[in-house]
Amino acid sequence: MPTSTAHCGTVRLPDRTAGPAGVLLDMDDTLVDFSGASPAALAEVLGPEADFTTWMALTDHWYPQFTSGQLSYQALERNRLAEMLTLLGRPVPGTAGLDELDARRKHAVESRLRLYPDVLPFVRRVRAAGYRVGVLSNSDGRQQRRRIAGLGLSPWLDAITVSGESGLAKPSPESFFLACDRLGTLPERTVHIGDSLDNDAIGAQRAGLTAVWLRREAPDGAPAPAGIAVVTSLAALTH
């Protein structure tokens, strides 16, 4: 796939006068600072010796099996935690014990989660301009809905689509089609914004959406494929 090193200063949303138009947003590390909350939560529950780099490596190992449909999100969580405990030299409890321990970790994460400062101004602005706004997330449905409500996002969203409920995970085109259908917009009149190049940006582009790669922390790294806009803040999207 051809690449482009250009980073877009601003990206225009579809013209609202031409019919319904929408914005889909990824959740973790797009709307909420998940990577900022997770390391401290892991250390709180498993101790300081629980290396977060190792935890993310385990996530990267199991995650493709979830997105491909081989594992449920709950199975991913159990397998990841069991392997982490093994690496730490600790006994691995049964299913109920793993679920209880991971529930403690997720509670510790959620107590630390914060919206990025540009999120509420953005969703308020685009909703006021007549755009439909939704979330498309690869995760557990009950968990993400709880977090969305707790962070005060629910009133600003027209639709929430989560892979753990739908059985369709990004980057599959079907996951984007379903999210657009729930939003009431055509893919070609919908923008998807997310922090993952593969799951969000390339997945959205292949499904026919306008793809925006949000790179909050590393805007000058690997180039984006041609046709994918790169921004460092939601404030860069205009209408």
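Predicted model: local features only at pLDDT ≥ 70, side-chain atom pairs only at ≥ 80, totals over all residues.

Student: Where does Ala-235 lie?
Tutor: Ala-235 sits in the loop between strand E9 (229–231) and strand E10 (237–238). Strands (E, at least two residues) and helices (H or I, at least four) are DSSP runs, numbered from the N terminus.

Student: What does Ala-235 touch?
Tutor: Leaving out residues up to four places away in sequence, Ala-235 touches Asp-118 and Arg-125. Contact here means heavy atoms within 4.5 Å. Ala-235 and Asp-118 are 117 residues apart in sequence, while their C-alpha atoms are 6.5 Å apart in space.

Student: What about the chain overall: how many helices and strands?
Tutor: The protein chain has nine helices and 10 strands. Its radius of gyration is 18 Å, close to the 18 Å that the globule rule gives for 239 residues, so the chain is as compact as a globular protein of that length. That radius is taken over C-alpha atoms, and the rule is 2.2 Å times the number of residues to the power 0.38.

Student: What box do the C-alpha atoms fill, and what percentage of residues is buried?
Tutor: Along the principal axes, the C-alpha atoms fill a box of roughly 60 × 35 × 35 Å. Buried residues make up 47% of the 239 residues. Of the contacts with a separation of 6 or more, 67% are between residues 24 or more positions apart.

Student: Switching to charges. How many salt bridges does the structure hold?
Tutor: The structure holds 12 salt bridges, each being a side-chain nitrogen of Lys or Arg within 4 Å of a carboxyl oxygen of Asp or Glu. One of them joins the side chains of Glu-77 and Lys-106, at 3.2 Å from N to O. Glu-77 is in helix H3 (residues 73–87) and Lys-106 in helix H4 (residues 95–110), so this pair links distant parts of the chain, 29 residues apart.

Student: Are Glu-77 and Lys-106 buried or exposed?
Tutor: Both Glu-77 and Lys-106 are buried.

Student: Which residue does Arg-147 meet in a salt bridge?
Tutor: Arg-147 meets Glu-110, at 2.9 Å from N to O. Arg-147 lies in helix H6 (residues 141–150) and Glu-110 in helix H4, so the pair ties together parts that are 37 residues apart in sequence. Arg-147 is buried, with a relative accessible area of 5%, whereas Glu-110 is partly exposed at 22%.

Student: And what does Asp-200 pair with?
Tutor: Asp-200 forms a salt bridge with Lys-170, their closest N and O atoms being 2.7 Å apart. Asp-200 is in helix H9 (residues 197–206) and Lys-170 in the loop between helix H7 (163–166) and helix H8 (173–183), so the pair ties together parts that are 30 residues apart in sequence. Asp-200 and Lys-170 are buried, and a network of salt bridges links Asp-26, Lys-170 and Asp-200.

Student: What is the peptide bond from Lys-170 to Pro-171 like, cis or trans?
Tutor: That bond is cis, with omega near 15 degrees. Pro-171 is found in the loop between H7 and H8.

Student: Where is Asp-29, and what is its phi?
Tutor: Asp-29 lies in the loop between strand E3 (22–25) and helix H1 (34–46). Its phi is near 65 degrees, a positive value in a residue other than glycine. Most residues other than glycine have a negative phi, and most peptide bonds are trans. Asp-29 is buried, with a relative accessible area of 16%.

Student: And Thr-30, buried or exposed?
Tutor: Thr-30 counts as buried, at 0% relative accessibility. Not counting residues up to four places away in sequence, Thr-30 touches several others, including Tyr-116, Ile-193 and Arg-216.

Key
Residues numbered from 1 in each chain as written. Heavy atoms only, no water. Buried < 20%, exposed > 50% of the residue type's maximum accessible area, 1.4 Å probe, protein only.
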